[in-house]
Amino acid sequence: MNTNTSTSEIQWKAILSLIFLDLAILISWMAYHEYQPQLLVLFKFDDFSLPLAILQGIILFVTPPIAGLIADRMIKKGGNRLPVVSIGVNFVSMVFMVVAVTVFAEPGGIIRMLFPLMVALWLIAMNIFHSPAISTVELFVPEAKMPIVVALFVILADMVAALEPILLDLIRFFGGPLTFAVGGALVFTSGWLFTRVTKNLVAAQDMNEEGPYATKKTNFFIVFLLGLMVGGATAVFFKVFPQWISEKGFLVSFVPELATRANEVWNTTTKGTFGMHYASIFTSILIAIAAVLSFPMGFLAQRIGTRFLAMTGGVMAALLIVGIYFSSGPLALALCALFPIAFAACTVTFLPIAFQNLEKRHIVFGIGIFF
């Protein structure tokens, strides 16, 4: 296998194995969030939902950079980052399998008391291996083609988000035990395949002191700011848009047929649910559009420059969010329809720019900060 990623070659086997791993992570997070409230009730910890949410926030914030520091130290000492990925994958798979068996057997006694520890271990493990795994992208892709490859990951994430209602129905259909068992097997298989395919390439590149990219000095502030911006845009798009669309009612007022149907079924008890239902469907369509636009945006970034497209997309996204918040009616709906363009531009360019602002010795830690 060619280990020189500074050429024009993309290591497609490695990229596809990483995409498979990323898909397993996305599905695992979806299953966790769907069943977490039920598991809290089943294990009789439903009174601890707020402390668990705080714990989850802390783990999500501190684990990726810590995992990055560990991986960077291993690289500095002549090793590579893959053991961190393997440890995380094995822990996640183990916890998934334990939860699957425990739920099936109806938990009690010491097994029930260990539930918070299992959740904490699962959250830590998921965040231990994600950043080191994603950081390997810079080993497999030449810098000029990075936005195109990142676009593939964006398409995957956006399509999973757009299909979330259907995927959640499948998860509910299979039930908790089978979902966690399949999730554990999926994470383990994808992690094993990733390490098998990339082992030689990662080891060779991690021993290369210069790394595949000629970077400037590390700028952690820029990396953090990029992650904050794309994370904020994602949160607003995926979580806040349905609420805005439902509360403002501009979708109903703009589509006469929908307004007629709404007048027939809306009342004081169903209005909010009905509005959120159509708002969620409309948002899913917008997310799917953003996914479709991601790949051409990757080519556009290669043509006009990654930084220029990132700045354009970032400014456009900020202006559209402000415009949607303060507008109503057809104007707000039109601004919502434009948002996928700005979102796609941001998501395919921000990660490549983060890589450009990280030296070889800070690469995994920096990507941990980004996420």
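A salt bridge here is a side-chain nitrogen of Lys or Arg within 4 Å of a carboxyl oxygen of Asp or Glu. Before selecting anything, note that this is a predicted model, in which local features need pLDDT of at least 70, side-chain atom pairs count only at pLDDT 80 or more, and totals for chains, interfaces and linings use all residues. Residues are numbered from 1 along each chain as its sequence is written, and side-chain values use heavy atoms, with hydrogens and water left out.

**Stop 1: the salt bridges**

Select Arg-172 and Asp-169. Their side chains form a salt bridge, 2.9 Å from N to O. Both residues belong to helix 8, three residues apart, or about one turn of the helix. Helices (H or I, at least four residues) and strands (E, at least two) are DSSP runs, numbered from the N terminus.

The structure holds two salt bridges, and Glu-34, Asp-169 and Arg-172 are linked in a network of them.

Which of these residues are buried, and which partly exposed? Buried means under 20% relative accessible area, exposed over 50%, and partly exposed in between (1.4 Å probe, protein chains only). Glu-34 is buried, at 15%. Arg-172 is partly exposed because its relative accessible area is 43%, and Asp-169 is partly exposed at 47%.

**Stop 2: the nonpolar core**

Select Trp-122, Phe-129 and Phe-241. These residues have the most contacts inside the largest nonpolar core, which has 105 residues. Helix 15 (residues 329–356) gives the most to this core, with 15 residues. Such a core is a set of buried Ala, Val, Leu, Ile, Met, Phe, Trp, Tyr and Cys residues joined through side-chain atoms within 4.5 Å.

Keep Phe-129 and show what surrounds it. Contact means heavy atoms within 4.5 Å. Leaving aside neighbours within four places in sequence, the contacts of Phe-129 include Leu-21, Ile-25, Val-84, Gly-88 and Val-187.

**Stop 3: the largest cavity**

Trp-122 is also one of the residues that line the largest cavity, as are Tyr-32, Gln-36, Phe-96 and Phe-180. A cavity is a set of points, on a 1 Å grid over the protein atoms alone, where a 1.4 Å probe fits but cannot get out; lining residues have an atom within 4 Å of a point. The volume of the largest cavity is about 110 Å³, where volume is the space filled by probe spheres set on the points, and grid points are joined across faces, edges and corners.

Helix 1, helix 3 (82–104) and helix 5 (115–135) are the elements that give two or more residues to this lining. Helix 5 gives the most, with four residues.

**Stop 4**

Select Ser-135 in helix 5. Ser-135 counts as buried because its relative accessibility is 0%.

Finish by selecting helix 16 (residues 363–370), where eight of eight residues are buried. Gly-368 is among them, as are Ile-363 and Phe-370.

Definitions and conventions
On a 1 Å grid over the protein atoms alone, a cavity is a set of points where a 1.4 Å probe fits but cannot get out, and a pocket is an open set with protein on both sides within 12 Å along at least five of seven lines; lining residues have an atom within 4 Å of a point.
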